[in-house]
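Let's take a look at how one protein fold is put together. Have the sequence and the 3D view open as you read.

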Amino acid sequence: MKFKDFESDGGVIVLELSGKIMGGEETTMFHGKLHEYIQAGKRNFVIDLKNVEWMNSVGLGMLISA
């Protein structure tokens with residue numbers, strides 16, 4: 001899994017995920033980035049999955065816990 005993040009003009013944080021979501025080190029990085037935004041007071045997120053090839057149950061759990 002790879003991800004890019006940016007803040008839109010309206011203040012919404014967009015996280016663009018791509019590749020295969022299977023958990024692992026990328027999951028830790030994703031959660032870390034998400035918590036950075038939350039600690040900065042950001043509360044509105046969009047998770048863009050259009051470039052995700054597939055995900056397993058661990059990847060789905062990652063999204064649910066986020």
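## The sheet

Start with strand β2 (residues 13-21), which pairs with β3 in the parallel sense over eight bridges.

Zoom out and you'll find an open, mixed sheet of three strands, ordered β1-β2-β3. At the edges sit β1 (2-7) and β3 (45-55), each pairing on one side only.

## A note on the model

This model is predicted, so local features need pLDDT of at least 70 and side-chain atom pairs pLDDT 80 or more, while totals for chains, interfaces and linings use all residues. Numbering starts from 1 along each chain as its sequence is written, and side-chain values use heavy atoms, without hydrogens or water.

## The helices

Helix α1 (residues 25-39) lies across β1, β2 and β3, at about 10° to β1. (Angles run from 0 to 180 degrees between N-to-C directions of axes fitted to C-alpha atoms, for helices over the stretch in contact.)

## The core

Which residues make up the largest nonpolar core? There are eleven: M1, I13, L15, L17, I21, F30, L34, Y37, V52, M62 and L63. (Such a core joins buried Ala, Val, Leu, Ile, Met, Phe, Trp, Tyr and Cys through side-chain atoms within 4.5 Å; buried means under 20% relative accessible area with a 1.4 Å probe, protein chains only.) The largest share, four residues, comes from β2.

Conventions:
Pairing = 2+ DSSP bridges. Helix = DSSP H or I, 4+ residues; strand = E, 2+ residues; numbered from the N terminus. Contact = heavy atoms within 4.5 Å. Buried < 20%, exposed > 50% of the residue type's maximum accessible area, 1.4 Å probe, protein only.
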